[in-house]
Amino acid sequence: MTHIANDPAWPDHTPTALLVLADGTVLEGFGLGAEGQAAGEVCFNTAMTGYQEILTDPSYAGQIITFTFPHIGNVGTNDEDIETVNMAGTPGARGVILRSPISDPSNYRASSHLDAWLKARGIIGLSGIDTRALTALIRARGMPNAVIAHAADGVFDIADLKAKARAFPGLEGMDLVPMVSSRERYEWDATPWRWNEGFGRQDNAEFRVVAMDFGVKRNILRLLAKTGSAVTVVPATTSAEDILAMKPDGIFLSNGPGDPAATGEYAVPVIQKLIQSGTPIFGICLGHQILALALGARTVKMHQGHHGANHPVRDQTTGKVEITSMNHGFAVDTTTLPKGTTETHVSLFDGSNCGIKLDGKPVFSVQYHPEASPGPQDSHYLFERFAALMRERKQG
């Protein structure tokens, strides 16, 4: 593997950033963003756009993202494309790895350079390595634990970094939700962004939705509001009794980071009570996995995970194929789905589970990200499916 890319963009080949893998491999590059060091699991993301949304997705807590697309930063950053709601929590990704240096932004919406934005958010970056080779390594060996380090003077204690990379426990068994979940209940009424208009407001709600925040993204909340819902977001540890006391028409289980089995230790009993209430439930990503656990299934760690905006998924209920956005390193083990639970969506890349529903109950979830931030909007219909379940229950 080439440690420093042979590129005229870097006339000075003195490394100022390192990626040190747990097996002792040291990859040299050039630092950007914040200085310092951070340990995490290295994954790759194949999306060609939406790097700011990806870097602020709370589901990436505990991970270092390698972008396979080489030109990252070319449209700059702005305040509207941030997906993190809890700005006091972790910023999402612990580090970012790029092939090419960040170019000056060229976009009318840009308000700052990506490098300055990474510094402000405390995200460590590294550029100048062969990201195709790193991606091939991940595909062959799985997502490695590593330490990413940036020092402007190029001085590193490599032995110490190797020790820290080996010591990082990995994401299995790790509950990262407390790092990203909101601490207090809050209301949400913003609707999706429209060109030349900005964000709208939901001021004539038909439904009351309570969203359990395991690391929720802003665009998910916007699309819930767009369905005609007044949304109340509650911390991940909120009890079923407190949620049901709000008399919701629907309950949403959000995305989030870490091992679903670890978060499920306290979330599963709550969700089981919510299911028993008969209230419509919709889950996304981590919410999907925890719902599956509550129904009696198991989750497994994936070899390389799914991270990108081009994943084909078949909706088994309609036969249609949709191109989806994904970000997950754990999956529901289809073979463990109990009787009475139907698999509704399947990945056409590897056949892994991408959706379930509870037979005879208004309860369903998907593994991918239908809010499409970033990504294609093929799956927006799922929010309307949720609204239809709430409407049917209210009228029933």
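Is Lys217 buried or exposed, and what is its relative accessible area? In this predicted model, Lys217 is buried, with a relative accessible area of 3%.

**View 1. Lys217 and Asp57 meet in a salt bridge through their side chains.** The N to O distance of this pair is 3.9 Å, and the two residues come from distant parts of the chain, 160 residues apart. Lys217 sits in the loop between strand E11 (207-213) and helix H6 (218-226), while Asp57 sits in the loop between helix H1 (51-55) and strand E4 (63-67). Asp57 counts as buried, at 3% relative accessibility.

**View 2. Asp189 and Arg201 meet in a salt bridge at 2.8 Å, N to O.** Asp189 lies in the loop between strand E8 (186-188) and strand E9 (190-194), and Arg201 belongs to strand E10 (residues 198-201). Asp189 is partly exposed, with a relative accessible area of 35%, whereas Arg201 is exposed, with a value of 59%.

**View 3. Asp315 and Arg385 form a salt bridge whose closest N and O atoms are 3.3 Å apart.** Because Asp315 lies in strand E15 (residues 299-315) and Arg385 in helix H10 (residues 381-395), the pair ties together parts that are 70 residues apart in sequence. Asp315 is buried, at 1% relative accessible area, whereas Arg385 counts as partly exposed, at 27%.

View 4. Glu41 counts as buried, at 3% relative accessibility, and its side chain makes a polar contact of 2.8 Å with the side chain of Lys301. Leaving aside neighbours within four places in sequence, the residues in contact with Glu41 include Gly62, Met143, Phe168 and Lys301.

Key: Residues numbered from 1 in each chain as written. Predicted model: local features only at pLDDT ≥ 70, side-chain atom pairs only at ≥ 80, totals over all residues. Heavy atoms only, no water. Buried < 20%, exposed > 50% of the residue type's maximum accessible area, 1.4 Å probe, protein only. Polar contact = N/O pair within 3.5 Å; in protein donor to acceptor, adjacent residues only side chain to side chain. Contact = heavy atoms within 4.5 Å. Salt bridge = Lys/Arg side-chain N within 4 Å of Asp/Glu carboxyl O. Helix = DSSP H or I, 4+ residues; strand = E, 2+ residues; numbered from the N terminus.
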